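Trainee: I am new to this structure. Please take one part and walk me through it closely.

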Amino acid sequence: MIRIEQLSKQFTTQAGGKSLFKRPPRRVVQAVQSLSFHAPDGRITGLLGPNGAGKTTTLRMLAGLFPPDQGRLEVDGIDVLKQPRSALARMGILGDAHGLYPRLTARENIVYFGRLQGMDSDAAHDRADVLAELLDMRRILDRRTEGFSQGERMKTALARALVHDPANIVLDEPTNGLDVLATRGLRDALRHLRSPEGGRKCIVFSSHIMQEVEQLCDHVVVMARGRAVAQGSVPELLAQTGETRFEEAFVKLAFADESTEEALA
């Protein structure tokens, strides 16, 4: 179970070009603002929003990469800020598939991360075999990852994140760059992990692709400008907006503020 309460984060960036004579002005960007949502076990919770909505910043704070300015993050009741090691041990995090060791095989990448999680060698190898079956990667398991396709890299990175059998899985736009078959395989694997047979994992899935969220997620948090502008299942969001197509519902929810500003201009 993952719980986020009143989460906020802002960054200060340099505005404009460099100058030899004066310090360039700085701009404050509110990346996340008072964001709250609850992701229970046995459910896929989607964070849906346009690029720049704050999805990745939220997941990076959940992963303990940097602290929030305000708010609370909990994983199975463990405070991420106060007990980061314990919280991270309860999560499998897939940020991207570019951090593989190219000279190692897929199996070696997976086993190495299992060892980092405190698993013994035999248990990590056994787990690699289980995940190879789940993710349909048996034919690549003992190949070096150098030269892998994007789909093969994604499968290996996901297996690496799942090697210690975490109760909570965090995925940041995992279908980017995947072909149709790889995307379908990922969806099937996540549905299995959410099911009782797969351990009723808590899965948080970030995406800007509406079709993926519509097909996969049980609960959707629509984000825009760092805030949650709506939450609910896909049928609930359709009913809330009075739309029959999820794309139209998303546009109405995510860009409502911009439409209001244009009307007032």
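Mentor: A salt bridge here is a side-chain nitrogen of Lys or Arg within 4 Å of a carboxyl oxygen of Asp or Glu. Arg72, Glu74 and Asp79 are linked in a network of such bridges. By this rule the count comes to 20 salt bridges. Keep in mind that the model is predicted.

Now to the part itself, strand S8. S8 covers residues 202-207. Is this strand enclosed or open? Buried means under 20% relative accessible area. In S8, 6 of the 6 residues are buried, so the strand is largely enclosed by the rest of the structure.

Look at the two faces. In a regular strand the side chains alternate between the two faces of the sheet. On one side of S8 sit Cys202, Val204 and Ser206.

Next, the neighbours. Strand S3, residues 43-48, runs parallel to S8. The two are joined by 6 bridges. Within this pairing, isoleucine 44 stands opposite isoleucine 203. Strand S7, residues 168-172, also pairs with S8 in the parallel sense. Here there are 5 bridges. Asparagine 168 has cysteine 202 as its bridge partner in S8.

How does the chain get from S7 to S8? Helix H6, residues 180-194, belongs to the unit. S7, H6 and S8 together make a right-handed β-α-β unit.

Now step to the loop between H6 and S8, where lysine 201 lies. Lysine 201 forms a salt bridge with aspartate 165. The closest N and O atoms are 2.6 Å apart. Aspartate 165 is in the loop between H5 and S7. The pair links distant parts of the chain, 36 residues apart. Aspartate 165 is partly exposed, at 44%.

Glutamate 152 pairs with arginine 139, with the closest N and O atoms 3.5 Å apart. Glutamate 152 lies in helix H5 and arginine 139 in the loop between H4 and H5, so this pair ties together parts that are 13 residues apart in sequence. Glutamate 152 counts as buried, at 12% relative accessibility. Arginine 139 is exposed, at 63%.

One further bridge joins the side chains of glutamate 247 and arginine 245, at 3.4 Å from N to O. Glutamate 247 is partly exposed, at 34%. Arginine 245 is partly exposed too, at 46%.

How values were computed
Residues numbered from 1 in each chain as written. Predicted model: local features only at pLDDT ≥ 70, side-chain atom pairs only at ≥ 80, totals over all residues. Heavy atoms only, no water. Buried < 20%, exposed > 50% of the residue type's maximum accessible area, 1.4 Å probe, protein only. Helix = DSSP H or I, 4+ residues; strand = E, 2+ residues; numbered from the N terminus. Pairing = 2+ DSSP bridges. Right-handed = clockwise from strand over helix to strand, strands pointing away.
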